[in-house]
Amino acid sequence: MGVAILTRGHRELTGLLASATAEVLVMSTGSLALARPREVDRHNLRRGVTYRVLCPGEFPLPGNAEIRTAPEVPSDAIVVDRGFAVLPAERNGFAVFELPGVVSTTVGLFERIWAVSALRGEELPTERERELLALLSRGSTDESAALRLGISVRTVRRTAADLMLRLGARSRFQAGARAADRGWLPPGSPGPAPVASVSACAGGRGR
C-alpha cells in the first residue's frame with residue numbers, strides 16, 4: 001500500500017489501529033474526528049501498546065497514555081508502529097500512507113512539537129516566573145533580574161533552576177526557547193537572545 005484514500009466511516013481506521021503492536025503517535029487539533037480517542041485505543045493501551053498524544057487541551061485516554069499539550073497543534077495525524085501514517089483527506093475521509101518520506105516527515109513534526117510541549121497536568125508558570133523567564137531569555141544576569149523583580153538573587157537562582165527542570169532544559173537559553181515555544185513568555189516578549197559563545201550557553205556570567 002503506497003497510499004489509500006478511505007472516505008466511508010472509520011471502520012477501516014479501527015482495523016488499522018488494532019494492528020498496532022508497539023506504538024501509536026497521535027496529533028489532534030481537537031476539531032476533527034480523525035484523531036479523537038476510540039475504544040480500540042483503550043484496548044491497545046490495556047494490551048501494552050504505547051501511546052503518545054499531542055493535543056491543545058484534555059484528551060480522554062487513561063493515565064497510562066503519555067499526553068502532552070501544546071497551544072496549537074498544526075494537523076491531525078496518527079502514526080502506527082512508524083510503519084504508516086494516517087492524515088486527513090477530502091470529504092471527511094483520511095489517507096493512509098506507507099511511503100517512508102511521508103511517515104518520517106510526520107514523525108519528525110510530532111517529535112519536534114513533543115520536545116517542547118507540556119506534560120498533561122503540568123503546573124503552569126506564575127506571572128512572576130513568566131517575567132523571570134523573559135528577563136533570562138534576553139540575557140539578564142541573576143543580579144539584574146533580582147533587582148528588576150524586587151526579589152533576592154538566591155530566589156532568582158532557585159526559581160530559574162526549577163523552571164529549567166520543568167522545561168527539561170540544560171541551559172537558560174534553551175529554557176527561554178522552550179518557554180517561548182510553549183507560550184509561557186509574557187505577550188510582546190522578544191525571543192531568546194542569540195548565544196554569543198559556547199560558554200554563554202553553558203552558564204556564563206551571573207549563572
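Exposed residues are those with over 50% relative accessible area, and buried residues those with under 20%. By these limits, in this predicted model, the face of helix H3 turned away from its buried side carries the exposed residues Pro100, Thr105 and Arg112.

H3 spans residues 100-115. The helix has 16 residues and reaches 22 Å from its first C-alpha to its last, close to the 22 Å expected at 1.5 Å a residue. Its buried residues are Val103, Thr106, Val107, Phe110, Ile113 and Trp114. These residues lie on the same side of H3, because they cover an arc of only 130 degrees around the axis. An α-helix has 3.6 residues a turn, so residues three or four places apart point the same way.

The rings of phenylalanine 110 and tryptophan 114 are stacked, because their centres are 5.5 Å apart and their planes are at 20 degrees. Planes under 30 degrees apart count as stacked. Both residues lie in H3, four residues apart, about one turn of the helix. Phenylalanine 110 and tryptophan 114 are both buried.

The largest nonpolar core has 24 residues. Within this core, the most contacts belong to Leu17, Val24, Tyr51, Leu61, Ile78 and Val86. Two or more residues each come from helix H1 (11-18), S2, helix H2 (39-46), S3, S5, S6 and S7. A second, separate core has 19 residues, including Leu135, Ile151, Ala175 and Ala179.

Isoleucine 78 illustrates the contacts of the 24-residue core. With neighbours within four places in sequence left aside, isoleucine 78 is in contact with Leu13, Leu17, Val24, Leu25, Leu34, Ala35, Phe84, Ala85 and Val86.

Asparagine 44 lies in helix H2. This residue is buried, with a relative accessible area of 0%. Leaving aside neighbours within four places in sequence, asparagine 44 is in contact with Leu17, Ala18, Ala20, Val49 and Tyr51. Leu17 and Tyr51 are among the residues with the most contacts inside the largest nonpolar core.

How values were computed
Residues are numbered from 1 along each chain as its sequence is written. This is a predicted model: local features need pLDDT of at least 70, side-chain atom pairs count only at pLDDT 80 or more; totals for chains, interfaces and linings use all residues. Side-chain values use heavy atoms; hydrogens and water are left out. The expected span of a helix is 1.5 Å times one less than its number of residues. Buried means under 20% relative accessible area, exposed over 50%, partly exposed in between (1.4 Å probe, protein chains only). The arc is that of the directions from the helix axis to the C-beta atoms. Rings of Phe, Tyr and Trp (its six-membered ring) pair if their centres lie within 6.5 Å; planes under 30 degrees apart count as stacked, over 60 as edge-to-face and the rest as tilted. A nonpolar core is a set of buried Ala, Val, Leu, Ile, Met, Phe, Trp, Tyr and Cys residues joined through side-chain atoms within 4.5 Å. Contact means heavy atoms within 4.5 Å.
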